[in-house]
Amino acid sequence: MSVAIINPEIAEKGGRIAKALMEGGAAGWSTQIGKNVGYVIGETDFGVADEVVKPAETGEVIATAVDWSGDTSGKIYVLVPTMGAKQIVAYMMALMLGGDANPEAQALDADGMDAYGETIAAFIGQGAQQARGEIGGSIKTSVQGSSLVDFSSVKPDTVLGADEYLNNKIKVTIEGLTPFTMFILIGRSVTGVAPEAGSESAAPSELASRLGVDVANVAIAMKIKLPLVVVIATKKMRMELIQGMCPGTIIEFRKMSGENLDVLAGNVKVATAEAVIVNQCFGVQIRNIVDPKSAVKEATPVRNW
């Protein structure tokens, strides 16, 4: 399992929740459809929905929103591809009504979605029961509904919101059928791990709350790319002196060697840093972070010559 996140505690706690949900949920599906359901939890990733939900991997899915409450609270989303949903519904219908199951002919119309709603409720119910036994503590779940979503044409954050999620990629095999990949997205708050104060890993919703602005605007702003500039020194020179420069000319600055360097983002000073060498490349090590409010207030334009 490879986890690309800042805080490994999220991976550990979120991974345990996902494993418990799959153990209980797969058992629930097996009972409903009369077939063995196996699974393998693969790669996981962490970030906002637009970062961890990749259209090429998910495509058209049934997205189910689950409210998680108890010792921790937040959102969990279960994404099952339509192929997998059809397999589950077709075998459930065959077991209940008799006859042969044909997943390829199974429609996900109103009746099909109602049947899927029953299967996902059983999945979450038994998964939560498994989590209570393995993780302990108070756990309550409430399925808020399922909807058919094609992430190749819909932005993930419009469905899943602007929070951060641990996205667990899970390969599921129903006995005798083609395997499919489903995803369980566990909100950061469900893991009980709070964002580091002032770190870039803080969820947009929490940052928006601190700043008193709209969450959607923060989520958009977090995706904007700004030019990052490290100012070694600046100096004004007469044009005649600049024109007279030649190879070997030394330009002297008043800044002393060893002094902290200014780090600018979008021409606004955001930090001071010290020059370092990393893998034979020039770099800077951040020493102090400038308060954002004072940075904007005191910002002065930097001319690009």
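## Exercises on helix packing, cores and exposed lysines

Leaving out neighbours within four places in sequence, methionine 113 is in contact (heavy atoms within 4.5 Å) with Ile62, Leu108, Ser146, Ser147 and Leu148. The model is predicted, so local features need pLDDT of at least 70 and side-chain atom pairs count only at pLDDT 80 or more, while totals for chains, interfaces and linings use all residues. Residues are numbered from 1 along each chain as its sequence is written, and side-chain values use heavy atoms, with hydrogens and water left out.

**Exercise 1. Classify the packing of H1 against H4, and name the residues that make the contact.**

Solution. Begin with the geometry: helix H1 (residues 8–33) and helix H4 (residues 82–97) have axes 8 Å apart and pack at an angle of about 45°, where axes are lines fitted to C-alpha atoms, for helices over the stretch in contact, and angles run from 0 to 180 degrees between N-to-C directions. H1 is therefore oblique to H4, since angles under 35 degrees count as roughly parallel, over 145 as roughly antiparallel, 65 to 115 as roughly perpendicular and the rest as oblique. Next, list the partners: H1 contributes Trp29, Thr31, Gln32 and Ile33, and H4 contributes Ile88, Tyr91, Met92 and Leu95. Finally, sort them: six are nonpolar, two polar and none charged, with Ala, Val, Leu, Ile, Met, Phe, Trp, Tyr, Cys and Pro counted as nonpolar, Asp, Glu, Lys and Arg as charged, and the others, Gly among them, as polar.

**Exercise 2. Carry out the analysis for H4 and H5.**

Solution. The axes of H4 and H5 are 9 Å apart, and the helices pack at an angle of about 90°, which means that H4 is roughly perpendicular to H5. On the H4 side stand Ala85, Ile88, Val89, Met92 and Met93, which meet Asp111, Gly112, Ala115, Tyr116, Glu118 and Thr119 of H5. The residues of this contact divide into seven nonpolar, two polar and two charged.

**Exercise 3. Describe the largest nonpolar core and the surroundings of tryptophan 68.**

Solution. A nonpolar core is a set of buried Ala, Val, Leu, Ile, Met, Phe, Trp, Tyr and Cys residues joined through side-chain atoms within 4.5 Å; buried means under 20% relative accessible area, exposed over 50%, and partly exposed in between (1.4 Å probe, protein chains only). The largest such core has 39 residues, and those with the most contacts inside it are Trp29, Trp68, Ile76, Val80, Phe123, Met182 and Ile184. Among the elements that give two or more residues to this core are H1, H4, helix H5 (110–135) and strand S3 (60–70). A second, separate core of 14 residues includes Val61, Ala65, Phe183 and Leu185. Decide whether lysine 140, lysine 225 and lysine 236 are buried or exposed, and locate each one.

Solution. Lysine 140 is found in strand S5 (residues 139–150) and is exposed, because its relative accessible area is 55%. Leaving aside neighbours within four places in sequence, lysine 140 is in contact with Asp67, Trp68, Ser69 and Arg132. Lysine 225 lies in the loop between helix H9 (215–221) and S8 and counts as exposed at 80% relative accessibility; its C-alpha atom is separated by 9.4 Å from that of alanine 265, 40 residues apart along the chain. Lysine 236 is found in the loop between strand S8 (228–231) and helix H10 (239–243), and with a relative accessible area of 80% lysine 236 is exposed.

Definitions and conventions
Helices (H or I, at least four residues) and strands (E, at least two) are DSSP runs, numbered from the N terminus.
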